[in-house]
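Thanks for coming. I have one structure to go through this morning, and I will keep to the local geometry.

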Amino acid sequence: MARRIGSDIGGTFTDLVMVSDDGQDFAIAKVLTTPTEPDRAVVDGVDQLLSANDVDASAVAHLVHGTTLFTNALIERKGAKTALVTTKGFRDAVEIAREHRFDMYDLRMERPAPIAPRHLRFEVDERVMADGSVHLPLDEASVAALVPQLAAAGVEAIAVCLLHAYRNDAHERRVGEILAAALPSVAISLSCDVNPEIREYERASTTLCNVYVRKIADVYLHRLERRLQDRGLSGPLYVMQSQGGVCDIDTATALPIRLVESGPAAGALAAAAYGDLIGAKNLLSFDMGGTTAKACLILDGEPLIAPDFEVDRTYRFTKGSGLPVKVPVIEMIEIGAGGGSLVTLDAMGRLAVGPQSAGAEPGPVSYGRGGTQPTVTDADLTLGYLDPTYFLGGTMALDTEAAAAAVDATVAKPLGLDTLAAAHGVHRLVNENMASAARIHAVERGTDVAKLPLFAFGGAGPVHAYGVASILGSPSVVYPLGAGVMSAAGLLSAPLSFDFVRTMPAGLDAMDWDAVNAALSTMEADGAKILSRATDPSTLTFTRSADVRYRRQGYELRVPAPSGTLTEADRPAIQAAFEDAYRTIYGQTPSNVELDVISWRVVVSGPRPGLSLPKAAVSGTDAATAQKGSRRIYVGSSMVDVPVYDRYALGEGATFQGPAIVEERESTVVIAGPGKARVDAHANLIVNLR
Amino acid sequence: MALDQLQLEVIWNRLIATVNEQAAALMRTSFTSIVREAGDLSAGVFDRSGRMVAQAVTGTPGHINSMATSMGHVLAEFPVDTLAEGDVIITNDPWKTASQLNDITIFTPVFKAGRCVAFFANCCHALDIGGRGLSADSREIYEEGLQIPILKLYEAGKPNKTLYAMLTANVRATEEVLGDLHSQVVGNEVGAKQLLSFLDEFGLDDIEEVSEAIVSRSEAAMRERIAALPDGEYPFTMTTDGFDEPITLAANVIITGDQLTVDYAGTSPAIDRGINVALNYTAAYTTYGIKCAISPDIPNNDGSFRPVTVTAPKGCIVNCEHPSPVGGRHLVGHFLPSVVFGALSKILPQNVMAASFDALWDSQVYGDRPEGGRFAYVWFAAGGAGAIHGRDGLSATAFPSGIAGVQSEMIEALVPIHIEKRELLADSGGPGEWRGGLGQAFTLGVRGDRPFLFSGLYDRMNNPAEGIAGGMPGAVGTLHTKTGNPLRAKTRVPLPANETVTLELPGGGGFGAPHHRAPEAVARDVRDGYVSLNSARKNYGVELDPTTYEVDLAKTEALRATR
């Protein structure tokens, strides 16, 4: 029986999941991440999985990999020494950026430094106009003249981003050829390949980020591939992209920026796959870990995709404070703090949580490793939500008294509250903040979040999900078994896919359909070529869309575009699709305003693999047999005695009512209210709040 | 019910989330680029008595702080108990709101069980309001467009057709302006719906008790900050280019116990051009400067404004009277935070920035499209911000306005403007231990073979951004043709076909004596071309190897010994 393996590298652990095509096997491995050589942990994990389950390496059809390695390289600035080559007169576009302040009151505001410092930003003589016409031909001598300077500066990577290259890439390609011939060991990325979209700052930033991590991606992915082959895994290595599809490593090493947020994105894919299995096409995935909580809307079975995101934000929660990267990503929004986030009182004596985190070292006060400032985890422990003797399955003892004392000193005493009220204030505030952020995000997307079930995972997700759901008015919360390896499982539900975009702004009322059809066919042919390396071309699907906006409005909406050869007859369909989308989000459409299409997009995908989940391990519908004890937790406004259930002993069909606690190794489900819980056929715990 | 502290915080957070939601909806639906891309709008919630309780985190201080006081004027016109469910109130009175006719404020009372329990309001920049269009050329407000007194836009849910007809007849981009108005009305409704739902959740009849707690705590926190400052008078004077004559902006910051007053006595009189400022906008930018310096972490609401008083003699340029023109009021108003910083630098030198380029550079080009038809294009650009203790000033970054610029490719894709160059200007940042931010230079022309008109509403072309604590001033701005002929700013200049214009935006002031700047930091600046070798030697007292940029320590020490 063929097996597939998903592996996700996190900060502390590398998670692996192996499934068989018949859905019988669902094996998990968790090994410590090996930061200096992350592929080592993957290979070790694969070894563990194979030997523990007595599976031969040759039975593994393929391995899908997700990693935050490239994000980390960008944040820690550990990439290549990178130069920018641009049109004469425009080398500062990446530093002038958007000219704005993203924090109105902070006079010490800082921006992230451009990837290429000013002395490594070079100019060539050439000029293409906005319509693609050539104003000044490329002076090849001006390119050749850069070679000795680039070599002398020890440049390892070059981003080429010429003005209007999204419209006419001839100069950019020629610059690339000349530099590649003269500097064969230097990585080169062209903006027309990485991000052929209008706006020179974002395009250059994306191209710089891409080439900055190319060498790392090249070395790392090829070494991983070799090591897996040495182990006898002969199937292909696939890599997860940020938009929820996988690609082969040739594509990944050319465009590593497409992989940047792949780990968290896989968690959202898992939510979508589980939702599919349990018949919930719409849900809100809620992933709360040690330092952050992230949410993603899953609508009609698909996670929402955003056209861009930011890396290396100088202000964690502030839009505009990072380097823009224009690649499609599953839209994960950071909605708040994590378990390790620090609790403080601000200047006005108001409670504040995060964004500073105690991290793994020293960690929360209750870890007893020198932390003195209370964290969310310390408040949760004080409230009885966590078992001090069964944290991480009992492998780490927690100090409840120290946690309570810290909450008392930092929060209760200054505010004149008792310790429990203070701890609950922290728990509640964290939940409130996450609920507010999620609600605003949903409103922006034209969705009523109160209608969506929550899908809770991550170490702290199940501890807080019930509280968040109560505030949002959610109908239910789904707690998957194995919440700790959700991202790895999600990798196995990702199809092969690749995205293309062409910016060609024009009024919908004056469209050059021949040009549009040419662009669409080129993108589709390119996609078929890339994906045919890894899958049967007859299984590919092509999904077109257009970025459309009202003339003079600033935001485009992405709407589906018809397939086949487009003509004037397709105009009403595109217009209607846009108006539908607009109405969903904004409630109404203005009359008599013309539409502009800014860009055309194509997504080429292979078939989506099904993710089969194992059946519940035990049978029997009596929850009482799974009760391993009871303990006092904070419910409403006092401590009450509630049953504690063993997650692994709850069989399909078991039901019980909250308040209650359900413990598993990597997390604790806290039901601090009267929700009705049941276990489904896939060992998911589903709690209904209504 | 009596609220405990934690409940109060939960409700407070909900109020802030609600107004942010209101603002987000507005930004996404606006037809006006500076609203949606730069966040040139404000949104807030007020209690029954008109006190602002919470406001959205949005772009520009001028809107935010002036909206706070506008509610009082509305209640004076329409007392709370005369309002009915479904009423919506509108005004653009510059003296009661944001000091410009394009800034329209919409107020919506919220009713629960037949009683008005709160108001939502928002202020947005309308694309057009009739008159001359946005400019500083008018001699009286009557030329600047349609004045809308405090009126009902909706009465008990019914649109005021007379008013709509007047609006439609008086503005150019009717669809966009009315579309934006509709968004403003809907934005308030979104806020109202959220508010009512959580009042129910918490079993509250209104927000009076919450409001009282929020306002009094914010006020107390603000008073505590002011009381920590030494009592005294701290005068400061800044000169700006003005329209024809230089303008003196004189401020006296007076601290008495827990009360802070800023008085603008001694400031130049209003002029017959549209750069005058109504007092509420003066107060908005003044309080903004104070907040940045002493209380960036205290929430903005009625309480935090209370301990601060802003006064100015009637008829001076920061307290102009009707019918003075105000269309380009930012050309004076944007300097006020730097004026406040100058005064506060005497007691809080480490909390304030040196002066910045301050007033946004507003460029306008009018010409013919090569393919036929006219075009007009207006955009804002930023020079350098001032340095602060511990940080160099930000280059090409707006301050105090939070507005975002437009990228060259976007400009060229929209209109036949051709940009030849856009780069940071070496040596434009004021030298200092922390260097001022650099200005930027644009060189541009118009494609085709037709003459065009260029107009730049620019300042700091004669009066640079001064440094603080020994820091030196930033470079002044310039405007000239490719052959070097200077052009006049603040007026429309006709230019022949194929002419190009170069604008060099001013830099920010430096902080601290330049010869205290770390020599390695100077070396990095020279290597990156932010500072010239000559300036390194002359202003910073640092001698460098011109090819390796290594610091010659002996020569540097010798140069610095003479300072």
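This is a predicted model: local features need pLDDT of at least 70, side-chain atom pairs count only at pLDDT 80 or more; totals for chains, interfaces and linings use all residues.

Start with helix 14 of chain A, residues 419–444. Its partner here is helix 15 of chain A, residues 461–472, and the two axes lie 9 Å apart at an angle of about 55°. The range counted as roughly perpendicular starts at 65 degrees and roughly parallel means under 35, so helix 14 of chain A is oblique to helix 15 of chain A. The handedness of that crossing is right-handed.

Which residues of helix 14 and helix 15 of chain A make the contact? From helix 14 of chain A there are A:His427, A:Val430, A:Asn431, A:Glu432, A:Met434, A:Ala435, A:Ala438 and A:Arg439. Helix 15 of chain A contributes A:His464, A:Gly467, A:Val468, A:Ile471 and A:Leu472. By class, the residues of this contact are 7 nonpolar, 4 polar and 2 charged.

Helix 14 of chain A also meets helix 13 of chain A, which covers residues 400–415. There the axes come within 8 Å and cross at roughly 95°. Angles of 65 to 115 degrees count as roughly perpendicular, and helix 13 and helix 14 of chain A are therefore roughly perpendicular to each other. On the helix 13 side of chain A the contact residues are A:Ala404, A:Val407, A:Asp408, A:Val411, A:Ala412 and A:Leu415. They face A:Thr419, A:Ala422, A:Ala423, A:Gly425 and A:Val426 of helix 14 of chain A in that contact.

To give one position, B:Asp362 stands opposite B:Leu457, which is in strand 16 of chain B.

One joins A:Gly658 and A:Pro659, with omega about 0°. A:Pro659 belongs to the loop between strand 31 (655–657) and strand 32 (660–663) of chain A. In chain B, the peptide bond from B:Phe399 to B:Pro400 is cis, with omega near 5°. B:Pro400 is in the loop between strand 13 and helix 11 (408–414) of chain B.

Then positive phi. B:Ala113 is a residue other than glycine with phi near 50°, and its place is the loop between strand 4 (103–112) and strand 5 (115–125) of chain B. B:Asp358 also has a positive phi, near 70°; this residue lies in the loop between helix 10 (336–344) and strand 12 of chain B.

Is B:Ala113 buried or exposed? B:Ala113 counts as exposed because it has 7 C-beta neighbours inside 10 Å, and the cut-off for exposed is 12 or fewer. B:Asp358 has 29 such neighbours inside 10 Å and so counts as buried, where the cut-off is 20 or more.

That is the list; I will take questions.

Note on methods. Residues are numbered from 1 along each chain as its sequence is written. Chains are lettered from A and ligands numbered from 1 in the order in which they are written. Two strands pair if DSSP finds at least two bridges between them. Helices (H or I, at least four residues) and strands (E, at least two) are DSSP runs, numbered from the N terminus. Axes are lines fitted to C-alpha atoms, for helices over the stretch in contact, and angles run from 0 to 180 degrees between N-to-C directions. Angles under 35 degrees count as roughly parallel, over 145 as roughly antiparallel, 65 to 115 as roughly perpendicular and the rest as oblique. A crossing is left-handed if the near helix is turned anticlockwise from the far one by less than a right angle, and right-handed if clockwise. Two residues are in contact if their C-beta atoms, placed from the backbone, lie within 7 Å. Ala, Val, Leu, Ile, Met, Phe, Trp, Tyr, Cys and Pro count as nonpolar, Asp, Glu, Lys and Arg as charged, and the others, Gly among them, as polar.
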